[in-house]
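Here is a short briefing for a reader new to this structure. Look at the model below, then go through the points by topic.

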Amino acid sequence: MTFAERMLKIDRRIIFLVIGLCTLLPLLYPVGLPIKISSEVRGVYDHIESLPEHSVFLLSIDFDPASKPELYPQAIALLRHAFKKNLRVITMTLWVSGTGMADQLVTQVAKEMGKEYGQDYAFLGWSPGGPAVIINMGQDLSSAFPSDYSGRSTKDLPVLDGVRNLKDVTYMVSLGAGKPGVEEWYVFGKDKYKFEMGGGCTGVMAPGLYPLLRSGQINGLIGGLRGAAEYESLIDQKGKAVAGMDAQSATHVAIIVLVIMCNVFYFSLRHASRSQGHIG
Amino acid sequence: MDATVLGAWVATGLTLLIFSFLYKDNPLFKLAEHLYVGVSVGYTIVKTYDTVIVHLVVKPIIENGEVALLIPVAIGMLMLARYVPKAAWMSRYAFAFIVGMGAGLAIPRTISSFILKQIEDTVRPLISMTGPDSLTFSMNLLNPASNLNALIILLGVGSVLFYFFFSIEHSGAGKAVARTGVIFLMISFGAGFGYTVMARMSLLIGRLTDLIEFSDASYGRPTVWLLIFVVAALFFLARRGHAQPPDTH
């Protein structure tokens, strides 16, 4: 068996080990590779930056713990930015399996930024129906969410003063890991009730949302862990996403090298078998 | 034991049990997999019951007298008729309501958002007017609104649509157009795959970040102890597998 044949039949567990090491080592010994800010992430940042104090910012945390590594850092960075700008922050989720995580996330960041529940922010929790909830919120927010996550009447929350429906929302961001998510918020929310909207999503979903970005249907897009790292850099509060970027780059290099090696071995084997065929 | 520490031990243990599949399929992985499914379903049922039944149905009816809510409750109850064969036909009314309402809401909004808006964006002018008599063609590839990008999009959309048009044989000039469509499709699939790899690596980074954090002494070093336990268990299972001859019956 030639070297190329041996390499093409290599035990897949060795490849797992290589990828694992390429991820683990940069996490243990970070080198701090530079992070370039993309225009799509800057779109969301610039819009929040331009909002006057006490504008209504709605963040829909449409993911569950399965997408936490990518979207949790995005949510933390967005909430920190919104709280820093003294916006009125309304949070909610369309994913029942993400309710507890979303509550923990919002409470943690609000506590860190010294914000008061009900006065500066609210977590409305989850309501069933997906797109129907968005339509309902567009007509009457208190009908879609009669009470918040802790059971308090939403009509009694000072942070929701003057917010009757989605038309009263100044800016909205959906952090979506699937359906319902960014697309549903655009189709049943922004397109109908005409508020400004940005999006955040997992890496898998990002290529599918770029058409909405290009056509101006959303004004910014935070894609995957990379997008979260860019946003953390923009607000100058580097967290888990920035810490993971070295590992991300290292694994990408490892995968590219593996793909090139496989092709080289494959073509060298094919060349060898054709040469043997000619001799035979 | 502090809840955070307990959570760290549970999270670390389940992560390592799931990762053990990378070595080979084993009972530890199966245990973690079944726990994941069970906990997810259990959590969803409890949250749905609490939010829907208790807070959106029972409390408003009893405390606020909102009897109109009995109408959607009745429609919802019709769904359960599927479990009674003789009354299963009644569930069709509920399904008809859902399908009719869903289609009515979704079709116009989807056409407006995804078809009309996207067509509008695709048919951008290929040459821009910068003054009453001057025309320009911007070549900046990095600017999504440049004329060069508008031309590339037009070429891509046209050629891909032609590739999926099967009433004409793809030969001669048609073959070249269809081939161009395939190239655009391949670039699109490549971009999608690249993002997918990035997303999966991000998930791995997330878990490894937690494992590193939980190797700290303040948590009782669950990563170290549970890694030793998982490796020992895999070693034991492998030895037992070798010791027991395969069942031929």
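H54(A) sits in the loop that runs between α3 (39-50) and β1 (56-62) of chain A. Helices (H or I, at least four residues) and strands (E, at least two) are DSSP runs, numbered from the N terminus. This is a predicted model, in which local features need pLDDT of at least 70, side-chain atom pairs count only at pLDDT 80 or more, and totals for chains, interfaces and linings use all residues. Residues are numbered from 1 along each chain as its sequence is written, while chains are lettered from A and ligands numbered from 1 in the order in which they are written.

- Most residues other than glycine have a negative phi, and most peptide bonds are trans.
- H54(A) is not a glycine, yet its phi is positive, about 65°.
- H54(A) counts as partly exposed, because it has 15 C-beta neighbours inside 10 Å. (A residue is buried if 20 or more other C-beta atoms lie within 10 Å of its own, exposed if 12 or fewer, and partly exposed in between; C-beta atoms are placed from the backbone.)
- K194(A), also a residue other than glycine, has a positive phi near 55°.
- K194(A) lies in the loop between α8 and β5 (196-201) of chain A.
- K194(A) has 11 other C-beta atoms within 10 Å, so K194(A) is exposed.
- The peptide bond from K179(A) to P180(A) is cis, and its omega is near -5°.
- P180(A) belongs to the loop between β4 (171-176) and α8 (182-193) of chain A.

**Chain A overall**

- Chain A has 11 helices and six strands.
- Its C-alpha atoms fill a box of roughly 85 × 35 × 30 Å along the principal axes.
- Of the 280 residues in chain A, 46% are buried.
- Domain 1 (1-30) and domain 2 (39-244) make up the domain assignment of chain A. Such bounds come from an automatic or database domain assignment.
- The centres of domain 1 and domain 2 of chain A, taken over C-alpha atoms, are 39 Å apart.

**Helix α2 of chain A**

- Helix α2 (residues 12-28) of chain A has 17 residues. From first C-alpha to last, α2 of chain A reaches 24 Å, close to the 24 Å expected at 1.5 Å a residue. (The expected span is 1.5 Å times one less than the number of residues.)
- C22(A), T23(A) and P26(A) are buried in α2(A).
- They lie on the same side of α2(A) because they cover an arc of only 85° around the axis. (The arc is that of the directions from the helix axis to the C-beta atoms.)
- R13(A), I14(A), L17(A) and L28(A) are exposed, on the face of α2(A) turned away from its buried side.

**Nonpolar core**

- The largest nonpolar core has 90 residues. (Such a core is a set of buried Ala, Val, Leu, Ile, Met, Phe, Trp, Tyr and Cys residues joined through C-beta atoms within 7 Å.)
- A75(A), L79(A), I90(A) and L105(A) have the most contacts inside this core. (Two residues are in contact if their C-beta atoms, placed from the backbone, lie within 7 Å.)
- Not counting residues up to four places away in sequence, I90(A) touches V56(A), L58(A), A122(A), L124(A), V159(A) and L160(A).

**Where the chains meet**

- The contact takes 43 residues from chain A and 36 residues from chain B.
- On the side of chain B that touches chain A, α6(B) gives the largest share, 16 residues.
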